[in-house]
Amino acid sequence: MELSVQEFLDSVSNPNTKKEYRHGIKKFCEWYGKSAEETLELRKDDLTQRHDENLVEYRNRAARFEKEIEKFHSYLLGQGFTINTSRNLTLGIRQLFRFYEMPIRIRSGSKVSQTVKTAKNFPMTIEHVRVMFAVGDLRERVVLSMATDLGLRIGDFIKIRKTDLPDLNQQTPIPLDLMTDKEKVVAHGFLSQETVDLLKAYVPTLERKNGNPYLFPSNGESHISDEWLNRLLQRLTEKARIRLNGKSLTFHCFRKMFLSASIDSGVGLTAGKKLCGKAI
């Protein structure tokens, strides 16, 4: 069996995740001094017990890359990368090994697994959504209203198809179940009356793009990109004159707001996770 890094990357559907894995693998290979394919062969060899080798020797050899990844992580920290970035840069090589059924087991307490909470995301509230809504056009209002209702990851949101929509003539709130791509769980969401009214006005405008099945189509045959959607939010933020104070308002802020609202309203975090498709 040929071990190919490209085969692994082709299996990653999210373009941002793929980009991060590719970058992490490249950084590791530059540090380690071998190509990804050579590294895979070494890992394969490490996991193959030799006939003249006792169990202790075999297990020590099999744990080689666990130690190498810890060294790589320490190197990244020494180069000035943050704790979170250093961890993320190790994920590419670790997921590459996992893809070929040769996973690395990071020991308990290893610094490789450590992360710190950041305060980079803007603490968005429903009031911020309202002022953006006031300056948005029809499509932008549909995005804002649905994002508030569903709390989905951006990758799942942009892939919603017109055929995924339920019958909009039902009594609201209308259930909308969607399979999430990253965690492979169903998001049991609901559409509000405001979103339904917007969709009834918006969906007919997509008739000129009959060949495109997506609710938020690109100019081609696919859906809008996550970069495009985040730029849309940035434009609305500027137009609504929202002060970010150095923080970042991205689509992920809707998910955080949704889960916070689930807690504050008494729905609860567990139920909120089921609604927005977050693994429990």
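This is a predicted model: local features need pLDDT of at least 70, side-chain atom pairs count only at pLDDT 80 or more; totals for chains, interfaces and linings use all residues.

Biologist: Which residues lie nearest the centre of the second largest pocket?

Modeller: Of the 15 residues that line this pocket, Thr148, Asp149, Phe258, Ala261 and Ser262 lie nearest its centre. At least two lining residues come from each of α8 (138-150), β2 (186-191) and α12 (252-264), and α12 gives the largest share, four residues. By class, the lining has nine nonpolar residues, five polar and one charged.

Biologist: At what angle do α8 and α11 pack?

Modeller: Helix α8 and helix α11 (residues 226-239) pack at about 105°, and their axes are 12 Å apart. An angle of 65 to 115 degrees counts as roughly perpendicular, so α8 is roughly perpendicular to α11. In this contact, Arg139, Glu140, Val143 and Leu144 of α8 meet Trp228, Leu229, Leu232, Leu233 and Leu236 of α11. Seven of the residues in the contact are nonpolar, two are charged and none is polar.

Biologist: How do the axes of α2 and α6 cross?

Modeller: The axes of α2 (residues 15-32) and α6 (residues 83-99) cross at roughly 90° and come within 7 Å. These two helices are therefore roughly perpendicular to each other. Among the residues that meet are Tyr21 and Phe28 in α2, and Leu89 and Leu96 in α6. The contact comprises seven nonpolar, four polar and one charged residues.

How values were computed. Residues are numbered from 1 along each chain as its sequence is written. Side-chain values use heavy atoms; hydrogens and water are left out. On a 1 Å grid over the protein atoms alone, a cavity is a set of points where a 1.4 Å probe fits but cannot get out, and a pocket is an open set with protein on both sides within 12 Å along at least five of seven lines; lining residues have an atom within 4 Å of a point. Ala, Val, Leu, Ile, Met, Phe, Trp, Tyr, Cys and Pro count as nonpolar, Asp, Glu, Lys and Arg as charged, and the others, Gly among them, as polar. Axes are lines fitted to C-alpha atoms, for helices over the stretch in contact, and angles run from 0 to 180 degrees between N-to-C directions. Angles under 35 degrees count as roughly parallel, over 145 as roughly antiparallel, 65 to 115 as roughly perpendicular and the rest as oblique. Contact means heavy atoms within 4.5 Å.
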